[in-house]
Amino acid sequence: VQLQASGGGLVQAGGSLKLSCAASASISSIGTMGWFRQAPGKERDFVAALRWSGGSTNYADSVKGRFTVSRDVPRNTVYLQMNSLKPEDTAVYYCATTLWDDVSCTVATLRGMYTHWGQGTLVTVSS
């Protein structure tokens, strides 16, 4: 599976962006699609996860209530709607897949569990 992330850009604080992650092939066999982000000089951190079958979700505390992850099954695409953006949301955002399908479990937040990664898309939030 190849993943292509897009939708990043420059936005002012308080603004919104919607990221997309398109899979090159059917991902019906994938358990979970995850979003991670990496700010300059920092580690890659969990943002959100979506169980492909059923659509249940999990979010990092820092984005709860502001970010929403969703999917378009026919298009093999996952989205990350980001609202009320803050300067601290500035990072390269990555999508990834794992066979693990229990998003409520901490395991779904571990980047080591994800086997396929997109190339990343840069989100910059100005103050």
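Start with the largest nonpolar core, which has 36 residues. A nonpolar core here is a set of buried Ala, Val, Leu, Ile, Met, Phe, Trp, Tyr and Cys residues joined through side-chain atoms within 4.5 Å. Select W35, V47, F67, V69, L80, M82 and Y93, the residues with the most contacts inside this core. Next colour the elements that give two or more residues to the core: β1 (3-6), β3 (17-23), β4 (32-38), β5 (44-51), β7 (67-72), β8 (77-82), β9 (91-98) and β11 (121-126). Strands are DSSP runs of E of at least two residues and helices are runs of H or I of at least four, numbered from the N terminus. β5 supplies five residues, the largest share of this core.

The model is predicted: local features need pLDDT of at least 70 and side-chain atom pairs count only at pLDDT 80 or more, while totals for chains, interfaces and linings use all residues. Residues are numbered from 1 along each chain as its sequence is written, and side-chain values use heavy atoms, with hydrogens and water left out.

Now centre on M82. Leaving aside neighbours within four places in sequence, M82 is in contact (heavy atoms within 4.5 Å) with G15, S16, L17, L19, R66, F67, Y93 and V123.

Zoom out to the whole chain in cartoon view. The protein has eleven strands and zero helices. Of the contacts between residues at least 6 apart in sequence, 57% join residues at least 24 apart. Along the principal axes, the C-alpha atoms fill a box of roughly 40 × 30 × 25 Å.

Switch to a surface coloured by burial. Buried residues are 43% of the 127, where buried means under 20% relative accessible area, exposed over 50% and partly exposed in between (1.4 Å probe, protein chains only).

Select V1, in the segment before β1. V1 counts as partly exposed because its relative accessibility is 37%. Draw a distance from V1 to A49, 48 residues along the chain: their C-alpha atoms are separated by 17 Å.

Finish at E88, in the loop between β8 and β9. With a relative accessible area of 57%, E88 is exposed. E88 and T124 are 36 residues apart in sequence, and their C-alpha atoms are 9.1 Å apart in space.
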